[in-house]
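Here is a short note for someone opening this structure for the first time. Please read the points with the model on screen.

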Amino acid sequence: MNKGAQSVTEALPRVNELRRFVRVLLGRGVVAFGVIAIIATILAAIFAPIIAPYDPYAQILDDVLQQPNSQHLLGTDSLGRDTLSRIIFGARIALLVGVGTVVIAASFGTVIGLIAGYFGGWIFTIIMRFTDGIMAIPPLLLALVIAALLGTGLKGVMIAVSFALLPGYIRLVCGQVLSVKENEYVMAAHSVGVSQIGIMFRYILPNCLSPLIVQMTMMMGLAILIEASLSFLGLGIKPPSAAWGSMVYDGYKYLVMRPILSIAPGMAIMVVVFAFNMVGDGLRDALDPRLRGTL
Amino acid sequence: MTTYIIRRLMHAVLVVLIVSLLVFLLMRLLPGDPILMYVASGDLQSISKEQVAHLKHKLGMDRPLPVQYLDWLKNAVQGDLGKSILYRYDVLGEIGNRLPITLYLGLSAFVIGCIIGPLLGIISAVRRGKWLDNLVTVIANVGITAPPFWLGIILIFIFSLYLGLLPVYGYTSPFVDLWKNLQQSIMPIFVLATFPIASAARQTRSSVIEVMRQDYVRTAWAKGLSERMVIMRHVLKNALMPVVTLQGMLLRNIIGGSVIVETVFAIPGMGKLVVDGMLSQDYTVVQGVILVVAVTVVVSNLAVDILYGWLDPRIQYE
C-alpha cells in the first residue's frame with residue numbers, strides 16, 4: 001500500500017499549494033483589485049487618526065457645508081465636519097461590523113449546523129425547521145426589528161446583523177456535514193473509538209471549511225450593506241459616530257446643495273462591498289479542488 | 001405530483017407557525033416594554049405600579065406567555081392582528097391598505113428582473129470573453145453591490161433634481177392618475193429590480209456556460225443546428241432550472257428592499273409601515289407586518305417549489 005502511494009506522489013510534479021493558491025487568487029484583475037481595496041480599508045481603519053486630515057467629530061461652525069476644496073477634499077457637512085475624515089473613520093465601523101458579525105454568525109452557525117447534520121433525526125428536523133422559519137423573514141427586516149428592540153448602537157447592530165446571517169451558515173454547514181459524514185474515514189474514526197465531538201471537529205469540520213470560507217468572505221459585504229441600511233434608516237449606529245450609512249442619510253437633506261455628502265460615503269460602501277464579493281469569488285476558484293493545478 | 005404538493009403545503013404551514021412563534025418570542029423576550037411605550041405616548045409621565053398592573057391586565061399581558069401566544073395566534077388566524085398601540089387603528093386593515101402598493105412595486109420589479117436578468121446572462125454567456133460579456137459582468141457586479149438607498153438617492157439627484165424629469169418622491173394610485181403613478185414608480189421599481197436583474201444575470205451566465213459544455217449540446221452542434229436552435233432548444237431549458245430556484249430568494253430580497261425604497265421615496269407601503277412602527281416601538285404593528293411578510297415569502301417559495309417540481313420530472317418522486 002505504501003509503495004503505491006509513493007509512486008503516485010513521484011509521478012505528479014510537486015505543486016506548491018500556497019503559490020498556486022496565490023496565483024489563482026490574484027490571476028483575475030478584479031480579484032486583485034478587491035484584495036488591494038480590502039487591505040487599503042484595513043490600513044485606513046487602523047491608522048485613521050494618522051491619515052485623516054481632521055478630527056471626524058470636530059465641528060468647525062465657520063466652515064459649514066463647504067464645497068470640496070484644497071483644505072477639505074470632499075467638503076464639509078452641515079456641522080462643519082470634514083467629510084473625508086469621517087469616511088476614513090467610518091471604515092472602522094464598517095470593518096468591525098462586517099468582520100465581527102460574520103465571525104459571530106459563522107461560529108454559532110457552524111456548531112449548530114454540525115450538530116444538526118451529524119446527529120440527524122429529530123434534532124435535525126427541529127433545527128432545520130426553525131432555520132426555515134427565520135429564513136422566511138427577509139434578513140434586512142429581521143436585523144431591523146432586532147436592532148430596534150435592543151436599542152440603537154454598535155452592540156445592538158452587531159447582534160442584529162449576526163442573527164440575520166445565522167440561518168445561512170446553519171444551512172450551509174448542515175448540508176456539507178450530511179455529505180461529508182458518509183465518507184469512509186468517518187466510519188474508520190468511529191471504529192477506532194474517536195469520541196463524537198472528536199469526529200465532528202477533527203474529521204468532519206475541516207472538510208467543510210472551504211465553502212465556509214468563501215461564504216464568510218461574501219457575507220462580509222452583505223453584513224456591511226445591512227449595517228449601512230440600518231444606519232441609514234436611523235436604527236443602526238448612533239449619530240455622532242461616523243458610519244457610512246448615516247452619513248448618506250445626513251447628506252440626503254442637502255442633496256440639492258451638496259450632493260457629494262451623500263455620494264461619497266455611498267461610494268465607500270460600494271467599493272468595500274464590491275471588494276469583499278470579488279475576493280469571495282476569487283477564493284471560490286482558488287479553493288476549488290477541481291481546478292487544482294490549473295492556471 | 002399530488003403527494004409532493006401536499007407535502008410542500010404541510011411544510012409551508014409548519015414554517016408559518018414557527019415564524020409566528022419566533023416573532024412573538026422576539027417581541028416579548030427582548031428588552032423594551034410595550035406598556036411603557038403605551039404610557040409614554042400619553043401624557044401619563046408618573047404612573048403608579050397599580051396603574052401599570054391594571055393596564056397590563058386590561059391588555060391581557062399579565063397572562064403566561066404560552067396563553068398570550070395562543071390567543072394572538074387564534075386571533076391572527078381569524079384575521080385579527082390587533083390594534084396599533086399608539087394610534088389604535090386596526091393593524092390588518094392598515095396592512096390591507098398598504099400591501100397592494102408594496103406588491104405593485106415589488107412584483108413589477110420581480111417581473112422585470114425575471115425577464116431582463118436571464119436575458120443579460122444568456123447574452124453574456126454566449127458572447128463569453130467578448131466586450132459585451134465584460135460589460136454585462138461589470139453591470140451585474142455593480143448591481144449586486146450598490147446599496148439600494150444610495151442608488152435611490154443618486155437617481156433622485158440625476159432625474160429629479162438635475163434633469164427635472166421625474167417627481168422626487170410620493171405615491172399616487174394608478175387608478176387615480178396613471179401617468180403620475182408611472183412617473184413616481186419608475187425609480188422605485190428600478191431600484192428594487194437592480195438586485196434581481198444582477199443576480200439572475202450572474203446565475204444564468206454561469207449555468208448557461210456549464211450546460212454548453214455538456215455532451216448533448218455538442219451533439220446538437222454536430223448535427224448542424226443553428227446557434228439559435230442550440231441555445232433555445234437544448235441549452236436554455238436546462239440552464240434555466242437553477243435560475244428558477246433563485247426566484248424565491250429574490251422575492252424575499254425585494255420585500256426586504258421595499259423597506260429601504262419606500263423610506264427613500266416616501267411611499268406609504270408595508271415597508272414604510274414597519275419602519276415607522278419600529279421607530280415608535282409600536283409592537284403590534286411590527287408583529288403583524290412581519291407575519292404577513294413571512295406568509296408572503298412562504299407562499300411564494302411554495303409556488304417556486306411546485307413550479308420546479310413540475311419543470312424537473314426527477315424531483316416528483318423523491
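1. A cut-off comes before anything else. A residue is called buried if 20 or more other C-beta atoms lie within 10 Å of its own, and exposed if 12 or fewer do. With that rule, 45% of the 295 residues of chain A count as buried. For chain B the figure is 37% of 318 residues. Keep in mind throughout that this is a predicted model.

2. Start with chain A. Its secondary structure comes to 13 helices and zero strands. The C-alpha trace of chain A spans about 80 × 50 × 25 Å along its principal axes. Take the contacts in chain A with a separation of 6 or more: 69% of them are between residues 24 or more positions apart.

3. Chain B has twelve helices and zero strands. Read along the sequence, its pattern is α-α-α-α-α-α-α-α-α-α-α-α. Along the principal axes, the C-alpha trace of chain B spans about 85 × 55 × 35 Å. Among its contacts between residues at least 6 apart in sequence, 73% join residues at least 24 apart.

4. How do helix 7 and helix 11 of chain A pack, and at what angle? Helix 7 covers residues 139–150 and helix 11 covers residues 209–232. Their axes are 10 Å apart, and the angle is about 55°. Helix 7 of chain A is therefore oblique to helix 11 of chain A. The crossing of these two helices is right-handed.

5. Now the residues at that crossing. Helix 7 of chain A brings P139(A), L140(A), A143(A), L144(A) and A147(A). Helix 11 of chain A brings I226(A), S229(A) and L230(A). By class, the contact of helix 7 with helix 11 in chain A has seven nonpolar, one polar and no charged residues.

6. Leaving out residues up to four places away in sequence, A143(A) touches A160(A), V161(A), A164(A), I226(A) and L230(A). As background, nonpolar side chains in soluble globular proteins tend to be buried together.

7. Turn to the contact between the chains. How many residues does each chain give? Chain B gives 38 residues and chain A gives 37. On the side of chain B that touches chain A, the elements giving two or more residues are helix 1 (2–29), helix 6 (131–145), helix 7 (148–162), helix 10 (227–264), helix 11 (270–279) and helix 12 (283–311) of chain B. By class, that side of chain B has 31 nonpolar, six polar and one charged residues.

8. Helix 13 (residues 260–287) of chain A and helix 6 of chain B have axes that come within 9 Å and cross at roughly 115°. The crossing of helix 13 of chain A and helix 6 of chain B is right-handed. Here M270(A), V273(A), F274(A) and N277(A) of helix 13 of chain A meet N141(B), I144(B) and T145(B) of helix 6 of chain B. By class, this contact has four nonpolar, three polar and no charged residues.

9. F274(A) also figures in a pair within chain A. I39(A) and F274(A) are 235 residues apart in sequence, yet 13 Å apart in space, C-alpha to C-alpha. I39(A) is in helix 3 (residues 29–46) of chain A. Is I39(A) buried or exposed? I39(A) counts as exposed because it has 11 C-beta neighbours inside 10 Å.

10. M1(B) and G309(B) are 308 residues apart along the chain, with their C-alpha atoms separated by 7.8 Å. M1(B) is in the segment before helix 1 of chain B. M1(B) has 12 C-beta neighbours inside 10 Å, so M1(B) counts as exposed.

11. Last, a backbone detail to check. Most residues other than glycine have a negative phi. Phi of A266(B) is near 50°, a positive value in a residue other than glycine. Where is A266(B) placed? A266(B) is in the loop between helix 10 and helix 11 of chain B. A266(B) is exposed, because 12 other C-beta atoms lie within 10 Å.

Technical notes:
Residues numbered from 1 in each chain as written. Chains lettered and ligands numbered in written order. Predicted model: local features only at pLDDT ≥ 70, side-chain atom pairs only at ≥ 80, totals over all residues. Contact = placed C-beta atoms within 7 Å. Helix = DSSP H or I, 4+ residues; strand = E, 2+ residues; numbered from the N terminus. Nonpolar A, V, L, I, M, F, W, Y, C, P; charged D, E, K, R; others polar. Axes fitted to C-alpha atoms, helices over the stretch in contact; angles between N-to-C directions. Parallel < 35°, antiparallel > 145°, perpendicular 65-115°, else oblique. Left-handed = near helix turned anticlockwise from the far one by under 90°.
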